[in-house]
Amino acid sequence: MNPSSMMKRVSQYMFDHYSKDSGALLVHLGALGWVLGSIAQIGAVVGDRSIDKEQKRFLLPQEGADAVVNIGMYYSICELIKRGADKLVEKGALLTDDVAKAIAGINPFKNPNLDYKNWRNVFTQAELKQNLTELLSNIDSLDTVKNLSPDEKAQVKELVKAALEKLENHKDNVGVIAAIAASVLACNIVTPYVRNIVASKIQKHMTHEEAVEIRKMQIKENLTTINPLPMSFKAFNGYNAFSKVKI
């Protein structure tokens, strides 16, 4: 594939998915950063010749667990908080006065003196079950434009377009704030706490396995009697000297 063509596709993809959602871009790039950092950390352990195999056998599971916790906790927390913030905006719970005024004024012919705090009165109860961006993007289906003359409908569409732009900009700003706050929460509070718990469990498990391996080696090395037996007693050579079995 032509590098120029690939760059255009990447640029188009970035524009289509993130031009109106900078918060999502922050979340996804942050998660990508954790992925690349984890790969680099694991690769450093694998490629470090100064670390012997026994140490790597302990370090690699530890680094792998850290990677899963770091990536999983960061993405899940940030995505959850970001989506929650988006939902609040879409349902009208986090609107600024400017956005509320723009929505309240989209039909001056039907509601000429509507207070911006009562912007919900622009829509029916059934319509309010939808997201605001969805409502404003499909103005022809709204009850508020019914029975309007063509000239009035054209004016309303311009007002709706302006209100939608303000709403999308506001939603984008809220998404950025939510993504940053979630990132701080995930990276500095939740993830280190969970990572320490997971690391402690892995360390206990690996220590137990190491102890078992050491004990097996000890038993294997001592599976002889203190004094060598004659060949005729070969069948008894498997007894442990520490068992105090006397022949």
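From the N terminus on, the elements of the protein run α-α-α-α-α-α. Helices (H or I, at least four residues) and strands (E, at least two) are DSSP runs, numbered from the N terminus. The model is predicted: local features need pLDDT of at least 70, side-chain atom pairs count only at pLDDT 80 or more, and totals for chains, interfaces and linings use all residues. Residues are numbered from 1 along each chain as its sequence is written, and side-chain values use heavy atoms, with hydrogens and water left out.

Of the 247 residues of the protein, 28% count as buried. Buried means under 20% relative accessible area, exposed over 50%, and partly exposed in between (1.4 Å probe, protein chains only). Contact means heavy atoms within 4.5 Å. Among contacts with a separation of 6 or more, 62% join residues 24 or more positions apart.

Helix H3 covers residues 53–90 and has 38 residues. From its first C-alpha to its last, H3 reaches 54 Å, close to the 56 Å expected at 1.5 Å a residue. The expected span is 1.5 Å times one less than the number of residues. Glycine 92 follows H3 and has a positive phi, near 85 degrees.

The largest nonpolar core has 27 residues. Such a core is a set of buried Ala, Val, Leu, Ile, Met, Phe, Trp, Tyr and Cys residues joined through side-chain atoms within 4.5 Å. Leu95, Ile103, Trp119, Phe123, Leu132 and Leu136 touch the most other members. Two or more residues each come from H3, H4, H5 and helix H6 (150–221). H6 gives the most, with seven residues. Leaving out residues up to four places away in sequence, tryptophan 119 touches Gly92, Leu95, Ala100, Ile103, Ala104, Leu114, Leu128 and Leu132. Apart from this core lies another, of eight residues, among them Ala31, Tyr74, Ile77 and Ala179.

The charged end of lysine 101 sits over the ring of tyrosine 116, 5.2 Å from its centre. This term requires NZ of Lys or CZ of Arg within 6 Å of the ring centre and within 35 degrees of the ring normal. The count of aromatic pairs is zero. Rings of Phe, Tyr and Trp (its six-membered ring) pair if their centres lie within 6.5 Å; planes under 30 degrees apart count as stacked, over 60 as edge-to-face and the rest as tilted.

Asparagine 107 lies in the loop between helix H4 (97–104) and helix H5 (132–137). Asparagine 107 counts as buried because its relative accessibility is 1%. A polar atom of its side chain lies 2.5 Å from the backbone oxygen of threonine 144. A polar contact is a pair of N or O atoms within 3.5 Å; within protein, one must be able to donate a hydrogen and the other to accept it, and residues adjacent in sequence count only if both atoms are side-chain atoms. Beyond its neighbours within four places in sequence, asparagine 107 is in contact with Thr144, Leu148 and Val156.

Serine 137 belongs to helix H5. Its relative accessible area is 46%, so serine 137 is partly exposed. The side chain of serine 137 reaches the backbone oxygen of threonine 133 at 2.6 Å. Serine 137 and lysine 157 are 20 residues apart in sequence and 9.8 Å apart in space, C-alpha to C-alpha.

Asparagine 147 is in the loop between H5 and H6. Its relative accessibility is 81%, so asparagine 147 counts as exposed. Asparagine 147 has a positive phi, near 70 degrees, in a residue other than glycine. Most residues other than glycine have a negative phi.
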